[in-house]
Amino acid sequence: MKKAFFLFCFNTFLLSGFSQDGGSNRNISFDARWRFIKDSTITASDPKFEDSKWRIVDLPHDWSIEDLPSQIPDSVNGPFHKGSVGGLATGFTVGGISWYRKKFISEKKFTHRLVSVHFDGVYMNSDVWLNGHHLGNHPYGYTPFYYDLSPYLSPEGQENVMAVRVSNEGKNSRWYSGSGIYRHVWLTVTHSVHVAPKGVDVATAEVSSAKATLRIKTNVINESSSRQMVSLINTIISPDGKLVGTSRENIELNAGSKRQLHQEILLAHPRLWSVEDPDIYQVVVEIQHGTELLDRYGTCFGVRTIKVDAKNGLTVNGQRVLLKGGCIHHDDGPLGSAIIDRAEVRKIELLKKNGFNAIRTCHNPPSTQLLDACDRLGMMVIDEAFDAWEQGKNDQDYHRYFDTSWKKDIDAMVLRDRNHPSVIMWSIGNEIPERADSSGLRIGKSLCDEIRRLDSTRPITEAINSFWDRPKYKWDTSASAFALLDVGGYNYQWQEYEKDHIKFPNRVMAGTESFPKEAFQNWSLVENHPYIIGDFVWTAMDYLGEASIGHAVTASNPKFTFLLDWPWYDSFCGDIDLIGNKKPQSYYRDVVWRRNPIALAVHTPVADNMNELVSPWGWPDEQQSWTWPGNEGRYLEVRVFSRASLIRLLLNGKEIGEQKIDGSAGIVAAFKVPYQPGLLKAVNIEDGKETDSVELKTTEKPKHLRLVPDRANIHASRNDLSYVMVEITDENGQIVPYAEIPVKFTISGVGEIAGVGNGNPTDMASLQNPVRKSWRGKCLVIVRPNGEIGKTTLKATATGLTSAQIEIESR
């Protein structure tokens, strides 16, 4: 059956003074100057508790990325501890129990108003108190929640104390989760008559180039003790700031009641949201009593249509779209899981720059800021809820809370994220153990039903894997689980696509996880079969934890092992490394996706009688380099990636050889080349003529440091960052790919070092100290403003190299 999903979605990006959830008169940032201590032995909920000696931190904050006390070589390095309970899964980082406390004065604006506190994410199992009153517990570390503070606030001018206990104990995650209040927190102050939190929902009855009919649902609450007569006003603002639509309705609200109001607005000649043109509108919802403004709730949206069916695949605004997808985890490399806005934007910028048009948020709802970035930059999203249901994958993971928490967590995800135009699909879970059991089918139906109750405009998927954990089950057992879904998510099962299509011709499929080495096979099927709407590689970027899953090992007789051991802390399976640099598999994928006509890779030298074994999630130990000092005369393996029928390889102008490529079977031509310094060149030959080419040139010895900021002019905001790539170059300005040199940093002015790092998955060291060893000629330093306007001066020095210095302007 053909299913159409007409979407008109609103995001929550800050535009024209609007913040995460509501207008500029509602929300107050609550991030600054919390007191923090990591201590499992205390109870600090009493407002009189002495906390003056605690550290002061700004949120978002992740204590697991911070250096541990008592550093011990090869045992405790930076934030990494060999005895970590999570081990490889969490990258040898450490959780525990910590407390946060914040004192604040009841302002005049709180008087006769409702005040609530909103957390976008706390990992995990948080308890919150205000002035000694327990407000509640929230187990799940990835969904937003809020509490009403009004009954417990001190009178105007007097002090309040909020306390938060965070417990990240035991084995509860298969990847790096981070620990603490790692997303933003804000207060919301409203009149007793107000728009409910996440209370605006917008859909369309129809969308065309000529018009779009907007259907806006607004949940309005009257928490006063009397009946209220008010007006509800909606105003639509175009991407270029023009007023393009309004509606007004007079309503009566009984005391203590909640109503859902429905309005329609006709939008003429809408600018449709797409990956190529992510146009963003704004809606402002106002509640007025006579001439008095009671509430203003603002949010942003994009207009677009989505359809999925087995005949035409996925169409966006009537055009077929192939999902060039990547799975991502939520950490931001050297920053850990602390969600600083610019880090989320940069992540999406990097992914889009490298060809991705879609991500899958594994295996949990992402931050609001990530979805904001996807909305503005044009990145489609599969928004995933859970990694476990009733049956756990770790003893202390979310399965312990699922029965009592799943509904509020699904509601929190959908209500927060349903208005983001980037979100094109919901996922109810990943590789769920009970996926095809009777209990799993019951749960899956409940999850789908609840999502559809809140949002019927998007398809639902689930990432389903083979039954390696249920040996008695055959692949066809999955049919009952797939039947619940609008799009069947296949993890590593591309061999089943065509066979399943014969059995289930109306099933829409997507590769929700795939191996990097199988990119060509997966993408060929996507291109050839409309019922396969895309492929999501595991993963788009390296991430902390699940350490070494993307390894390649060399030994005389290597044997496969799923994971290696200390000092690995990084997954190393991404197309992009932990600090944002392109990895060899990404060059291959460029040719698979037809972004580039040719790419070239050289394998690191392998000793005689040694063999390489590459993990299914890994990649051969290749580099885009022709600099291998000490290996003169040794034969090196050179691979050329191309869709041309013939490849010619030259070294220093001399032809090494030619190879044909059968484009239906693959895109790789392999050569053995005796190394000598100079210029290695690969050329596409089409119809006897040289067309596209790629070159690798030998570099000289390391000579200089070079600092390359992604942005030298930034906002004087704690939510902004400048990512400064440190490059080791030769006398000609070429990056020296073998350079592994410690680089020291000094900083002055209005900025601080927020993090340092490199792409080496085994280089365990502090991610915050002002020194970092380069790897393959690069390392990274992240500069964060202190909030003041002015200049920051960053200087890098290294023994034997010319130093480098830059200025970053905070405005």
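Start your tour by selecting the buried residues of helix H1, where buried means under 20% relative accessible area, exposed over 50% and partly exposed in between, using a 1.4 Å probe and protein chains only. They pack against strand E23 (323-328), strand E24 (358-361), helix H2 (368-377) and strand E43 (722-729), with contact meaning heavy atoms within 4.5 Å. Helices (H or I, at least four residues) and strands (E, at least two) are DSSP runs, numbered from the N terminus.

A word about what is on your screen: this is a predicted model, in which local features need pLDDT of at least 70, side-chain atom pairs count only at pLDDT 80 or more, and totals for chains, interfaces and linings use all residues. Residues are numbered from 1 along each chain as its sequence is written, and side-chain values use heavy atoms, with hydrogens and water left out.

**Stay with H1**

Now colour residues 341-353, which make up the 13 residues of H1. From first C-alpha to last, the helix reaches 19 Å, close to the 18 Å expected at 1.5 Å a residue; the expected span is 1.5 Å times one less than the number of residues. Because 10 of its 13 residues are buried, H1 is largely enclosed by the rest of the structure. Among the buried ones are Asp341, Arg342, Val345 and Leu351.

**Into the barrel**

Next, select strands E23 to E30. They form a closed barrel of 8 strands with parallel pairing, in the order E23-E24-E25-E26-E27-E28-E29-E30; two strands pair if DSSP finds at least two bridges between them. The twist from one strand to the next averages 25°. Zoom in on E24 and strand E25 (residues 380-384), which are parallel and joined by 4 bridges. Here Thr361 stands opposite Asp383 in E25. Helix H3 (residues 402-417) lies across E25 and strand E26 (423-430), running at about 165° to E26. For such angles, axes are lines fitted to C-alpha atoms, for helices over the stretch in contact, and values run from 0 to 180 degrees between N-to-C directions.

**The nonpolar core**

Which residues have the most contacts inside the largest nonpolar core? Select Leu314, Leu351, Ile359, Met380, Phe386, Ile410 and Leu447, in a core of 98 residues. Such a core is a set of buried Ala, Val, Leu, Ile, Met, Phe, Trp, Tyr and Cys residues joined through side-chain atoms within 4.5 Å. A second, separate core of 27 residues includes Val57, Trp63, Phe104 and Leu130.

**An open sheet**

Move to E14, E15 and E18, an open sheet of 3 strands with antiparallel pairing. Its edge strands are E14 (193-207) and E18 (258-268), each pairing on one side only. Strand E15 (residues 211-222) is joined to E18 by 11 bridges, and Lys211 has Ala268 in E18 as its bridge partner.

**Charged pairs**

Finally, look for salt bridges, each a side-chain nitrogen of Lys or Arg within 4 Å of a carboxyl oxygen of Asp or Glu. The count comes to 53. Arg227 is exposed at 55% relative accessibility, while Glu252 is partly exposed at 33%. Then select Arg507 and Asp500, a salt bridge at 3.3 Å in which both residues are buried. For a last stop, show Arg174, Asp387, Lys393 and Glu546, which are linked in a network of salt bridges.
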